[in-house]
Amino acid sequence: MSTVVDIRNLGVSFSTDAGAVKAVDDVSLSVERGEVLAIVGESGSGKTVTAKTILGLLPETATTSGAVVLSNRAGTGEHDVISLTGSQLRGIRGTDVAMVFQEPSTALNPVYTVGWQIMEGLRAHGQVSKADARKRAIEILGRVGIPDPEHRVDHYPHQFSGGQKQRIVIAMALVLEPGLIVADEPTTALDVTVQAEILDLLRRVRDEFGTAIVLITHNMGVVADLADRVAVMYQGRVVEEAPARELFADPKADYTKALLAAVPYVGHGVARAAERAAARPADWAEQPPVVEARGLEIEYPGRFGRAGFRAVDGVDLLIRPGEVLGLVGESGSGKTTIGRAIAGLTKVTGGSLQVLGHEMLGIRERQFRPTRSRIGFVFQDPASSFNPLLTIAECVAEPLVIHERAVDARDARPRVDELLEAVQLPASYGDRYPHELSGGQRQRASLARAIALEPELLIADEPTSALDVSVQARVLELFAELQREFGFASLFISHDLAVVDLLADRIAVLYHGRLVEEGTGAEVLGAPTDPYTQRLLASLPVPDPVAQADRREELRRLREEAGR
Amino acid sequence: MSTVDTAPSSEAPAAARPRPKAAGGGFGRYLLVRFLLIFPTIFILVTVVFFLARTTGDPITAAQGGRLGPEALAELRAAAGYDRPLIVQYLEYLAQLATGDFGRTLTTNRPVIEVLTTYGPATFELVFYSLIVAFAVGVPLGLYAAYHRDKAQDAIARVLAIIWYAVPIFFAGLLLKLVFAVWLKWLPVAGRASVSAELQMQTLPNPTGFYTIDAIRTGDPEIVVDVLSHAVLPAIALGLLTAGIFLRLVRTNVIGTLATDYVDAARSRGVAESRLLRKHAYRPALIPIITVMGLQIALLLAGAVLTETTFEWKGLGFILAEFLESRDFAAVQGIVVLLAVIVALTNFVVDVIAAFIDPRVRY
Amino acid sequence: MAVAVSSRPGHRWRDRIPVVHQVRQSVGLQRGMLVAGLLMLLVFVLCAIFAPLLAPYGFAQRSDAAGGFGTQQPPSAAHPFGTTVGGYDVLSRVIWGTQTAILVIIVAVVLAIFIGVALGLYSGYFGGWLDRILVVVFDAIYAFPSLLLAIVLSIVISGGQSNLWGGVLAAAGSITVVFIPQYFRVIRAETVRIKAEAYVESAKVLGAPNRRIVFRHVFRNATRTLPLIITLNSSEAILTLAALGFLGFGIEPTAAAEWGYDLNKAQSDVTSGIWWTALFPGLAIVFTVLAITLVGESLNDLADPRLRGRRRVAQSAGEVAETSVVPGGTLDAGPGGLAGLEDGETFDEHGIEVKR
Amino acid sequence: GCSAGGGDEDSSGGGTLTIGTTEQITALDPAGSYDNGSFAVMNQVYPFLLNTPYGSPDVEPDIAESAEFTSENEYTVTLKEGLTFANGNELTSSDVKFTFDRQVAIADPNGPSSLLYNLESVEAPDDLTVVFTLKSPNDQIFPLILSSPAGPIVDEDVFAADALTSDDDIVAGEPFAGQYTISSYDFNNLVAYQANPDYAGILGEAKTDTVNVKYYTDASNLKLDVQEGNIDVAHRTLSATDIEDLRGNDNVKVVDGPGGEIRYLVFNFNTMPFGATTAEADPAKALAVRQAIADLIDRDAISEDVYKGTFTPLYSYVPEGLTGANEALKDQYGDGAGQPDADKAAQRLEDAGIETPVDISIQYVAERYGPSSSDEYAIIKDNLESSGLFTVNLQSTEWVQYSDDRVADLYPAYQLGWFPDYSDADNYLSPFFLTENFLANHYENPEVNDLILEQSVTGDADARAALIGEIQDAVAADLSTIPYMQGAQIAVVGADVDGAEDTLDASFKFRYAALSKG
Ligand SMILES: Nc1ncnc2c1ncn2[C@@H]1O[C@H](COP(=O)(O)OP(=O)(O)OP(=O)(O)O)[C@@H](O)[C@H]1O
Ligand SMILES: Nc1ncnc2c1ncn2[C@@H]1O[C@H](COP(=O)(O)OP(=O)(O)OP(=O)(O)O)[C@@H](O)[C@H]1O
Ligand SMILES: [Mg+2]
Ligand SMILES: [Mg+2]
């Protein structure tokens, strides 16, 4: 084995509006041929910056120190990327090192065919005839698993699915057979089932092409699945570096330990749910449900007279008082649509939906408005759910003022302070503007606002998907606490089975707008009956390299079955 | 007023959501709807102009107010029917329009259609030539400025662009004429062609009114040169104004696309910087640029009024100002209809071009 | 996009004053352009305010104690910019012209903002048939060459009157009508966008009545881009006023000084070698439009993080940012271990983090 | 320059001449236009029964052999023999009858049919004789009207009897029998004329075979083109500054002639200070105010400062050069020598017991009368205010609005200009000072009214001239209006162009046929 890239004492600073910011501080790392090095760490810890330095892709505002020594594929030459000029950099990009970006849909130029883009990389390095380049583009598309590559090579990016786009991005990285591929969160934008396929592809790349991979991610499951070695970054430094199995089995750094502890596991919630079920009164099941959907249909109107799009199709749901229903499903399966319908934000177009005794089919805003004080809503993105021009206290006071529990924000302040404390924010934070809080803090303020009127029903639409794992763990914990304390019923929407498992009494699985499975966490996660649920479960990588190896086997088996 | 439904405009901020297909298979239908929208636009403009124009007086007063006494004027107005209720006159006009008849001008008694076909080509040519100038100057300079962003070259290009915009067309026109026509004597002062050339073009069987075409049809290279040399100054005066706007648009959008992931991705494949600019940043940036350029057509037509006046370029803008002055509503309305159609059609065409550039809309 | 986003009260107050904030934020050429624009603008405004002191003569003065000025006199000590064909002092008229220009800008922009914003908010928020009609109507008006519209309107509004207020109101009024569609478009688009923002939805979920949502949540956020449009429209207003004056719909010269009008009168002078009567009013127009446009463009660039320039830093300068929201170990601290949460992430200058 | 000049390459026959003008044509059909631009074309191509020969203000038979009153109410015209139109059609009395019947029948709002107010009927007893029956007897004005915009004779085979005929049909039909025919016609852009060999009138043959007329919209372009030699003649209307500049240019000649265009200030007798409907109505005081203003206006200043001599001071209602014109206001107002006299004005106001300064609003039209109106009125304002006797509120208004407002009694005092329909003193008197007049300024003087009616039926030239003088004196005493400027006709011609001085006469008709290029 030989070293493909050797990063020595790398330091990167940026000039920003707020002055200089140091993003990477004295980082040393190296990657061997055919090895997968995973860099993990929370958002902003310098993972992307480190990766981009390898390709010399930092913006002009960056200043770099240290050395990044990159070998070519044959192992015959070395360059210090940092000291290279523009045209020299161009020479190594693509041939010595290539990059796979996080968001496949933005990494492809929408106005050119994928073939054109692949060929462009080929032709940028040496004399390749058009026909040859095309042949190689088709070949590489085939090798990353795009069906019918001769035909698809002339398609535009938007004609591919998200997973296919990521395959194409990987194909582009592969086509010049670089010694190193830097993959920056290559699966974060994808559904778990698709993520599993991409991870498989990357594994094949390493095995078949012998390419070294720097894999950047914050998902410990992905690390466990693919990585040979792991570097943990924290605040611009590498705090720990170890082979994957070793790291998971025996984390050394405090931060690594905290990180691993914060990762939710499927199966952890079963006990808790059982506990809560046991604590319920006997006649609980007979109480009128808070939400009841029968054959619920929601259709988005089509534009220009075209047929509408049916996002939810014949869904039956039930949420009883004090119960948390977890709603999972892949992207676009209709989760948000259901949540919004319950909150009266989206019109119900068919079936029946009873919310707190109101039939939502054909209801008028005026009739429904008084009921709104009994419903809370937590949005996915804490940042955008606050009016940027109001202070946190003003935002939290809004429901109180609207429903005339207070005259104005000032009058509501004592109650607001209580609420902030309930979500464990110091009262003084009330005077801050939303952008002056961190993501986790904002999400907690958002919770405070949602429970201000002590609602009977709380709808939470992916309330933690914009947050880091560790922050997510905190917010989920808080949610559980508040739920215990206030006893509201809840619809908890997430695409992450493990998260839902943690909180939900029952879990509903949505697939293409239909409810495919519903039951307690133990039922759904322990013994899934629907093939989609099964695949979903198996696709979910667990943050444990040993267990993950088994699950991989299981998934392969499932796929084969489906294929037969 | 508002219903519970707010969904159509909402887009949940889920980063992972695949981009909704822009228009899917309904593109043809979309174009059709866009096309049909032209009609209400025209209807509204005609209505607005009709009532506005009537509040400003009548053509008879405009023409004879300096000769006839009040009674005689009133008599003439009554004879022409201008004393009837506005709404009757309006409905009458609409009925006439509906049959495709634009009527005759009130002051010069010519079919409005004829006015349009006489003056339309001139405006078309002027706009066409100035667009050439605008594109030839604005787009490359915009690219250049984007490429050298925040350097001296960028600053110079941008200040130039602002100055082009800031100098009133009539002022610029005056200066251009003085320098190029009077001092240097390189170019003619004004007009669309010299007298002899125009006379020769009039002898053509069916003159098109497009002087460039007519000049070529005469087969006399001198006439072609004559016609083209007359177009230079007006095209520059109007073109530079537009070029300033184009430059700014191109620069902003190219800088924007240069910051996108796909440019970074192409860079990571070793694509040269100049190629990134030419191929990757430019073409996607063209989509918003072209859309905005479509909106500029109205601005261009407004600028054409002043350019046409300054350079004796007998086109629609100029003649419209004249007809406004003489309160010839019939002519004004006819021209407005044509302008509205032009603007609407341009925007329509622009959408088609944008669709051609952007495969996401095309399919 | 914000031009002025407030931050913590009492804190960084300097950053809350619109233009000051941008000047501090800008660097290099961008700062140069902004500052140059601001200085030019300042000259313009000062000229307007102190015109009575600065101008050697009145704008309609044709003679003084020493007798008549004479017409078309070349620049001299008594008349540094010469005199016009009407026998006025060019310098004085150029200076007094700033007052007219500023008046027209203010009236036009204020009127257009009021009407455009109100309609835009209504239309964007409530939608419905009125929205559809307004959109088509304003699009139609937008399609009409603005100058011609301005001509028609100046006739309608003033009945052709040309005294100062008649002229200013006619010019401003006609410019207003031309601008309303622009404000309407922008505000409506912003409102439609903001209406779909989570914070408006959350207000809706809370059961806030429409009135409250519109005024408390939509209005202020939708109007953030206004300063930019205002500067752009101001320069358009000046050009339109000049064009109106040039086409003979200007303000009577004894009622006010107006550059476009003077340029119109100076047309035949230029071709007769009398350059001073056209040059100075022409330059005044260019100067003012240049000033306003420079400021507007700079503000625009600064408001757009992609276009905003930044200083380069020295080798490996700066502190390591507190990158993580929950620094290591906080989890152990459990609920209430909040100390570590403060002053967390680095945020985008204008508030909310930029998310892709 | 690249532009190929005025076709100077053509050397055959009488050569080619290019004329530029900023006037605009409305229509070639005499029934459909009543404006200077269209009339200028008609004067070249249509025959008139009566016309003014070069250098004279008085009408004589043109294509007519004779024209006279055969009875009080009958005006009989005999045509010359063998007249034809350019298209070969014979020009007979039937065409003449057709022309006037048609004019009256169509009565187009844009047409001059109002000039035929006194025409009862037209008869054509034989091919050469036309008998006009008039409503009122002995009308001395009628012959003049035959040379006015109502007078061009048209071909009955080309023109429609009851509708306007389009320019294209006219050009194609060649119903021309004037000095020129139109050989190529591009509306308001370029008109090419060819000399008409069959013209048989008093004006004689055209000196130049081919004349091209280029229509400009912007005077400064016209000026540049004539200065650069791109055109040979510029006629109507260059600005005073341009003309002054061109006077110093060796490549061109500036030719002046008397002009019929006048400028005057109208008083509304109801709404002017102390007018009939004001709170302090007092005719004597009102008169004093008018007189004081007449005393104060500095005509020389306006003529020199603003118009650089392209307009000259006018001291009466009938412009200089026309039979019967005097200088009534010069004697009665100012210092008696045409200069303003502030003391006299002050005295008048004091005598009338008027407190000074008097507030007065004066209105003028922005562009209608050329670009200099504002400067003109700035001087008048200056004249009035520097005396300390008046404060003037000066305003300008756009033309159409102005036309409506002035007859709606909105303006106490306002500017107007006049260009005559025919070159006779009557055209400067009857429209204005008859009791029912076009000014509608509530001026009423029965004596003046009668005098005007009388002169129009006085056949004897001297007696008529005396009456005209009397009218001017009487009106000057009343000051219904204050005339102050008379325009000169000015043509700027290339150094090698001759003949302009011949046609810049009191007929106020610019005839291209007089011009030649040496
Ligand atoms: N262009 C830039 N200008 C200024 N600061 C930057 C720039 N790019 C990154 N940074 C800063 O550098 C630090 C490290 O950023 P980096 O993108 O490497 O984080 P990351 O570990 O990849 O996080 P994530 O998981 O969110 O992608 C952050 O504080 C970030 O704000
Ligand atoms: N306003 C809308 N108009 C038309 N279609 C819509 C609209 N909103 C959502 N959809 C479509 O409805 C389907 C369900 O959307 P929904 O937002 O409920 O999905 P989701 O399960 O929440 O997905 P994600 O996990 O990505 O948030 C998707 O296919 C989506 O494209
Ligand atoms: Mg990153
Ligand atoms: Mg969702």
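Trainee: What should I know before I start?
Mentor: This is a predicted model, where local features need pLDDT of at least 70, side-chain atom pairs count only at pLDDT 80 or more, and totals for chains, interfaces and linings use all residues. Residues are numbered from 1 along each chain as its sequence is written, chains are lettered from A and ligands numbered from 1 in the order in which they are written, and side-chain values use heavy atoms, with hydrogens and water left out.

Trainee: Thanks! Which residues come nearest to ligand 1?
Mentor: Ser43(A), Gly44(A), Lys47(A), Thr48(A) and Val49(A), out of 15 residues around ligand 1. A residue counts as near if one of its heavy atoms lies within 4 Å.

Trainee: And which chains surround ligand 1?
Mentor: Chains A and C both have residues around ligand 1, so the site is shared between chains.

Trainee: Which elements of chain A supply at least two residues of the shell?
Mentor: Those are β1 (3-16) and α1 (47-55). With 3 residues, α1(A) gives the most to the shell. Helices (H or I, at least four residues) and strands (E, at least two) are DSSP runs, numbered from the N terminus.

Trainee: What lies by the oxygen atoms of ligand 1?
Mentor: A backbone N or O atom of Gly44(A) lies 2.7 Å from an oxygen atom of ligand 1, and for a backbone N or O atom of Gly46(A) the distance is 3.1 Å. In the side chain of Thr48(A), an N or O atom is 2.5 Å from an oxygen atom of the ligand.

Trainee: How much of ligand 1 does the protein cover?
Mentor: The protein covers 71% of the 630 Å² of accessible area that ligand 1 has on its own. Those areas come from the Shrake-Rupley method with a 1.4 Å probe; for residues, only the protein chains shown count as cover.

Trainee: New topic: where is the positive phi of Asp26(A) found?
Mentor: Asp26(A), with phi near 55°, is found in strand β2 (residues 19-32) of chain A. Most residues other than glycine have a negative phi.

Trainee: Is Leu356(A) buried or exposed?
Mentor: Leu356(A) is buried, with a relative accessible area of 11%, while Asp26(A) is partly exposed at 42%. Buried means under 20% relative accessible area, exposed over 50%, and partly exposed in between (1.4 Å probe, protein chains only). Leu356(A) also has a positive phi, about 50°.

Trainee: Last one: which peptide bond at Pro357(D) is cis?
Mentor: The bond from Thr356(D) to Pro357(D), with omega near -10°. Pro357(D) lies in the loop between α10 (342-351) and β14 (358-365) of chain D.

Methods
Polar contact = N/O pair within 3.5 Å; in protein donor to acceptor, adjacent residues only side chain to side chain.
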